[in-house]
Amino acid sequence: MLWNTQTYTGWGRALSAEGELARPERAAALAKLCTNPAIGARRSYGDACLNSKGAAVDMTRLDRILSFDAATGLVEAEAGVPVGELARLFAPLGWIPTVMPGTGFATVGGCIAMEVHGKNHHVDGSFGSHVTAIKLMVAGKPKTITPKRNGALFKATVGGLGQTGIIASATLQMSRCEGEGMEVTEQRAENWEEHIALLSSSQARYTVGWLDCTAKGKNLGRGIVEEARSTAVRPQSAPKGGSKSVPFNFPRFTLSKAMVSGFNKAYYLRIRDGGQTRIKPLEEFFFPLDKIHNWNRLYGKSGFHQFQCVLPDDRLPELRAMVKMIANSGLASPLAVLKRLGADAAGMMSFPMQGYTLAVDFRESNKARKLIKKLNAATLAAGGRLYFAKDSLATETEAKAMYPDWAAWAKEVKKADPEHKFETDLTRRLGLRSI
């Protein structure tokens, strides 16, 4: 196994690191690599997957399904297995991962380390709530941890930013599905109040809102709310041809204020009055951008930042004010999401709380950084949190104030990694290992 020195980035490409990467192909090789942090498919947007101070272990070749129980839906998979691959393999058998993020390329290990949530958090909670066991490499040897066995270490590992050691594999409890199709109903929300009303009243298992962050005035907060359920009906829009790819970094004018505003208006108006329902392929609903490889190049060679926060239910006025701030800035991209979250939190550093989460992309620029700084401050003032899987600009003070259990987490991490071998650019930037 060779080490490669290279410059690499997260998905946002605004931050980078230079260092050695190893890509083991067998679990036995991990024993020799347990002095370095692990990274997955690098779908975290900021610096969670970067280690500019040293080497890192790329887990993407450790992508084997180790076992599957067709009666219970329990599957054990190596850390490098993409979550979308689990859906592709097991949906025909009536099972899918209970929680899936917005990309199927995220690995099982990454989903645990970042404690991802999906379009069904208000019903099923986050990814870690459906992990029954984790095989963690400790001092070069595998150690199995569960919610009851080594429970504190388990809670520090789920959402633990990879700081307790290398995840070799995990056992997941999948959920029943009707088939490979999703019955998706889309409705227009004309403004913020209607958007929130549709999200809060939804009885669907899967619910998500697309937000037009360029709309102002009486149209502020307008968007499209999608509700979905699994179905055995054959999809009406079966995937056609192979995946497309963005071949080069796009110039700045492609995401100009006028271009984004025009696209958003057209996208909003594509839904007819009264809404529409159709059957989509599973991957088209859960992972809508995965058919466009390298779509992050749309933001140009300087990359982009994503701001994602969650605010409690009773702080919706503050969230509306943040949406207004974004609309007035003229900096938003077409990719903006609004979702309702439940109370579930499987790990000490889990992002979700009962409330609403807003996620918006911004092309890298000084103006964008200044805006995000204001949004981060507003999140803290409203008792909310930032999502470290997306963050690239938060401060240590903000991070520690937003996560009240960080000190307890750091103490547990210190037991697992007293020499700070698994620190990354993110944990150093936020001072999360300093207690």
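The lining of the second largest pocket has, by class, 7 nonpolar, 4 polar and 4 charged residues, where Ala, Val, Leu, Ile, Met, Phe, Trp, Tyr, Cys and Pro count as nonpolar, Asp, Glu, Lys and Arg as charged, and the others, Gly among them, as polar. The model is predicted, with local features needing pLDDT of at least 70 and side-chain atom pairs counting only at pLDDT 80 or more, while totals for chains, interfaces and linings use all residues. Residues are numbered from 1 along each chain as its sequence is written, and side-chain values use heavy atoms, leaving out hydrogens and water.

Of the 15 residues that line this second largest pocket, R252, L255, G330, L331 and R363 lie nearest its centre. Strand β20 gives the largest share of the lining, 3 residues.

| Element | Residues |
|---|---|
| α6 | 257–269 |
| β19 | 332–341 |
| β20 | 355–363 |

Elsewhere, the axes of helix α5 (residues 192–201) and helix α8 (residues 316–329) come within 12 Å and cross at roughly 130°, which means that α5 is oblique to α8 (angles under 35 degrees count as roughly parallel, over 145 as roughly antiparallel, 65 to 115 as roughly perpendicular and the rest as oblique). In this contact (heavy atoms within 4.5 Å), W192, E193 and I196 of α5 meet L316, L319, R320 and V323 of α8, and the residues of the contact divide into 5 nonpolar, no polar and 2 charged.

Definitions and conventions: Axes are lines fitted to C-alpha atoms, for helices over the stretch in contact, and angles run from 0 to 180 degrees between N-to-C directions. Helices (H or I, at least four residues) and strands (E, at least two) are DSSP runs, numbered from the N terminus. On a 1 Å grid over the protein atoms alone, a cavity is a set of points where a 1.4 Å probe fits but cannot get out, and a pocket is an open set with protein on both sides within 12 Å along at least five of seven lines; lining residues have an atom within 4 Å of a point.
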